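Dear colleague,

I am passing on the structure we spoke of, with the sequence and the coordinates placed just below. Please have it open while you read the notes that come after.

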Amino acid sequence: MNSLFYFRVWVLGLVVAGLGSCVSQQQLPYLQGKDYSTRAAVQVDNERQVYRLQPGDVLSIRVQSVQPALNDLFSVTSGQNIQSGDPGNIFSSGYSVDDTGSINLPTAGRLKVAGLTVEETQQLIQKEVARFMRESNVLVKLTSFKLTILGEVRAPGRYFVYNSQATVLEALGLAGDIGEFGNRTNIKLIRQTPKGSEVVLLDLTDPNLLRSKYYYLLPNDALYVEPLKARTSRGNANNLGLVFGGLSTIILLLSFIKAN
């Protein structure tokens, strides 16, 4: 066998390995559905999750009244800290829900808020503040809405959401979207509950995701995008390329030495 034969074998091996590392077009688009049309919008009903406060959450509580001098009796979070968007400032100047599910509000004292929604907490604090001052307005916001996004995304990390809700697609947008070798059909959503952690699998290519109760994320949710097998195959293909390249070089050298 001459060197040309071995060279052809080397090229064939690279082609076969390369085919095994390709990602099909069918694996890439989100929300694939035959009902979508350019002529009319498709209405999708979904179920939004109601988040109830848990120990470890941090709240921004501001009291506004016609008597500004009295506001400081209840407020700790400054408007400047909220607008800066610095998680460290917001945490240090907010109200943390302790292990008993309570917050310690100046003047009003300890209030049990675990298990309540943000709106219910606002109503509770409004009622307590009304005992001390008239014509007041209480504003409560959850400032510890954070998401963790890991795996085959362009910018994995922890992200704070300055909104009352966030969807799976918005979360992936924060992380720069899923990379070419991310498995869009098997996204792991890890959610913390009072009873522990729960894990559910999401298929981003399925249009029924929009109807899922897991389409809307909750504070402290984590998303993990696992890699496709094609990524491993491509890595193996690169390794095979190095091996075939080394072998072909040796064969060419041996053929040259033998010819001379």
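Predicted model: local features only at pLDDT ≥ 70, side-chain atom pairs only at ≥ 80, totals over all residues.

The secondary structure of the protein chain comes to seven helices and twelve strands, and buried residues make up 35% of its 260 residues. The chain exposes about 15,700 Å², of which carbon and sulfur atoms supply 55%.

One open, antiparallel sheet has three strands in the order β2-β1-β5, with β2 (95-96) and β5 (136-142) as the edge strands, each pairing on one side only. Strand β1 (residues 58-65) is joined to β5 by seven bridges, and in β5 the bridge partner of I61 is V140. Helix α5 (residues 118-129) packs on this sheet, where it touches β1 and β5, and its direction makes about 150° with that of β5.

The structure holds five salt bridges, among them one between R52 and E120, whose closest N and O atoms are 3.2 Å apart. This pair links distant parts of the chain, since R52 is in the loop between α1 (3-20) and β1 while E120 is in helix α5, 68 residues apart. R52, at 39% relative accessibility, counts as partly exposed, and so does E120, at 31%.

A further salt bridge, between D221 and R191 (2.7 Å, N to O), ties together parts that are 30 residues apart in sequence, because D221 lies in the loop between β11 (216-217) and β12 and R191 in strand β9. Both D221 and R191 are buried.

Technical notes:
Residues numbered from 1 in each chain as written. Heavy atoms only, no water. Pairing = 2+ DSSP bridges. Helix = DSSP H or I, 4+ residues; strand = E, 2+ residues; numbered from the N terminus. Contact = heavy atoms within 4.5 Å. Axes fitted to C-alpha atoms, helices over the stretch in contact; angles between N-to-C directions. Buried < 20%, exposed > 50% of the residue type's maximum accessible area, 1.4 Å probe, protein only. Areas by Shrake-Rupley, 256 points an atom, 1.4 Å probe, with all protein chains shown as cover. Salt bridge = Lys/Arg side-chain N within 4 Å of Asp/Glu carboxyl O.
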